Amino acid sequence: MGDTISSLRKPDLQDMHPQVTECDKEFKSLGLHNRDVWALHSSYAAIDGDNSGTIEVKELMAYLGLHSQFTNRVFRIFDEDGSGELDFREFVVSMWNYCTLAKNALVMFAFDLYDSDNSGVIDIREVELMLKEVYGEGFQASQLAQKVLRHMRMIDGDARLPLSMQRCEVTAEQFGQFCRKHATLLLPAFTMQETLREAVGGKRLWERLSRRRFEVSDGAYISVNQLLESHLNLAQFN
């Protein structure tokens, strides 16, 4: 997968990927210092084994040892042109968005991933899809995942009907309440976050940025796009 991070010579920022300088203000609005950008670029270069300047989502997943459909979905939402590849900006923004999420916010992020029409509700089939993608091959064997499906069917539907005929819908609040009651429900998603934090940038970087994201948002879940649109400046993150 290319050179290891430790073997890369630290260049000036302008000598890195062209987007390092092009997106300087945007990166600073996310609280990233020059040393942070260097660390992220080092990881990016290590993953980009063919030095193409972009990385494929499947290449990233293989490098990190993450192979679930949930991982694939998380990164593909930041693949803005649908090319199946992430440029450096897309890589930084997607890593920042996922790695700085607090636990409650990660639950809402997972909900939003499957609320495709932004209606604020997901139906039972979308809940099942979420659990299948989060748990992968372990879905059928997971007693908790099966318990969730049974519980969700009873919220607003008839559990006696086949899944394809059920119309029950789950609100974000209902989903959040259930996840708080069953803290291990999205354990694979939390494990993925820890893996990303350790492999890219290091835990200390993401812990610092997570605290600032929480403080700036007053504890509310805000998306990375909302944060960028608010034109936050570097002083708010220092």
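How many helices and strands does the secondary structure of the protein come to? The secondary structure comprises 13 helices and 4 strands, where helices (H or I, at least four residues) and strands (E, at least two) are DSSP runs numbered from the N terminus. The model is a predicted one, in which local features need pLDDT of at least 70 and side-chain atom pairs count only at pLDDT 80 or more, whereas totals for chains, interfaces and linings use all residues. Residues are numbered from 1 along each chain as its sequence is written, and side-chain values use heavy atoms, with hydrogens and water left out.

**Overall packing**

Of the 238 residues in the protein, 48% are buried; buried means under 20% relative accessible area, exposed means over 50%, and partly exposed lies in between (1.4 Å probe, protein chains only). When contacts between residues at least 6 apart in sequence are considered, 64% of them join residues at least 24 apart, a contact being heavy atoms within 4.5 Å.

**The annotated segments and helix H5**

An unreviewed UniProt entry places the feature "domain: EF-hand" at residues 66-101 and 102-137; UniProt positions are given in the numbering used here, feature names are shortened, and annotations may be inferred rather than shown by experiment. Over residues 66-101 the chain is 56% helix and 6% strand, with its end C-alpha atoms 18 Å apart, while over residues 102-137 the chain is 67% helix and 8% strand, with its end C-alpha atoms 26 Å apart.

Helix H5 spans residues 69-76, and among its residues Phe70, Thr71, Asn72, Val74 and Phe75 are buried. The cover over these buried residues of H5 includes helix H4 (57-64), strand E2 (85-86), helix H6 (88-99), H7, helix H8 (124-135) and H11.

**The largest pocket**

Rolling a probe the size of a water molecule over the atoms shows where empty space is left. On a 1 Å grid over the protein atoms alone, a cavity is a set of points where a 1.4 Å probe fits but cannot get out, and a pocket is an open set with protein on both sides within 12 Å along at least five of seven lines; lining residues have an atom within 4 Å of a point. Grid points are joined across faces, edges and corners, and a volume is the space filled by probe spheres set on the points.

The largest pocket has a volume of about 540 Å³. It is lined by 28 residues, of which Ala102, Lys103, Asn104, Ala105 and Phe190 are the closest to its centre. Two or more lining residues come from each of helix H7 (103-114), helix H10 (172-181), helix H11 (187-199) and helix H12 (203-216). By class, the lining of the largest pocket divides into 15 nonpolar, 8 polar and 5 charged residues, with Ala, Val, Leu, Ile, Met, Phe, Trp, Tyr, Cys and Pro counted as nonpolar, Asp, Glu, Lys and Arg as charged, and the others, Gly among them, as polar. At least three lining residues are drawn from each of domain 1 (19-102 + 196-226) and domain 2 (105-188), the bounds coming from an automatic or database domain assignment.

The following pairs are separated along the chain, and their C-alpha distances are tabulated.

| Pair | Separation in sequence | C-alpha to C-alpha distance |
|---|---|---|
| Arg212 and Leu30 | 182 residues | 9.4 Å |
| Thr195 and Leu64 | 131 residues | 7.5 Å |
| Ser210 and Leu101 | 109 residues | 6.4 Å |
| Lys103 and Ala183 | 80 residues | 9.6 Å |

Lys103, placed in helix H7, is exposed, with a relative accessible area of 62%. In helix H11, Thr195 is partly exposed at a relative accessible area of 26% and, leaving aside neighbours within four places in sequence, is in contact with Leu64 and Leu66.

Arg197 also lies in helix H11, and its relative accessible area of 9% means that Arg197 is buried. With neighbours within four places in sequence again left aside, Arg197 is in contact with Cys99, Thr100, Leu101, Gly202, Lys203, Trp206, Glu207 and Ser210.

Within helix H12, Ser210 is buried, with a relative accessible area of 14%, and touches Cys99, Thr100 and Arg197, not counting residues up to four places away in sequence. Arg212 lies in helix H12 and is buried, with a relative accessible area of 17%.
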